Amino acid sequence: MKVTYYKETDTLYVELRSNNVHETREIDENTYLDLDATGQMCAITIEHASERADTPFMQFEQVETTVP
């Protein structure tokens, strides 16, 4: 996964996998979802990100779970 913030356009791009984008769906006027040829999510684009997310304050946390 790769997260890129474009300050000039205030756009946050979250690449979930590096598959080729086959289709882009508009979720709302500022949010777009990229899908590959099999319908799997590839990426999410968020316009006006500073107004809609806590950029540039982001963190990543991986939590290990134990199955009983």
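**A chat about a predicted protein model**

Tutor: The secondary structure of this protein comes to 1 helix and 5 strands, where helices (H or I, at least four residues) and strands (E, at least two) are DSSP runs numbered from the N terminus. This is a predicted model, in which local features need pLDDT of at least 70, side-chain atom pairs count only at pLDDT 80 or more, and totals for chains, interfaces and linings use all residues. Residues are numbered from 1 along each chain as its sequence is written, and side-chain values use heavy atoms, with hydrogens and water left out.

Student: In what order do the elements run from the N terminus on?

Tutor: The order is β-β-β-β-β-α. The protein is more spread out than a compact globule, because its radius of gyration is 14 Å, well over the 11 Å that the globule rule gives for 68 residues; the radius is taken over C-alpha atoms, and the rule is 2.2 Å times the number of residues to the power 0.38.

Student: What is the mean pLDDT of the protein?

Tutor: The mean is 90, and 97% of the residues reach 70 or more, pLDDT being the predictor's confidence in each residue, from 0 to 100. Among the elements, H1 has the lowest mean, 88, while strand E4 (residues 31-35) has the highest, 98.

Student: Ok, and how many bridges join E3 to E4?

Tutor: There are 5 bridges between E3 and E4, which run antiparallel, and two strands pair if DSSP finds at least two bridges between them. E3 and E4 form a hairpin with 2 residues between them, and Thr 24 stands opposite Asp 34 in E4.

Student: Is Asp 10 buried or exposed?

Tutor: Asp 10 is buried, with a relative accessible area of 13%; buried means under 20%, exposed over 50%, and partly exposed in between (1.4 Å probe, protein chains only). His 48, in the loop between strand E5 (41-47) and helix H1 (49-52), also has a positive phi, near 55°, but His 48 is partly exposed, with a relative accessible area of 38%.

Student: And where is Leu 16?

Tutor: Leu 16 is in the loop between strand E2 (11-15) and strand E3 (23-28), and Leu 16 counts as partly exposed because its relative accessibility is 31%.
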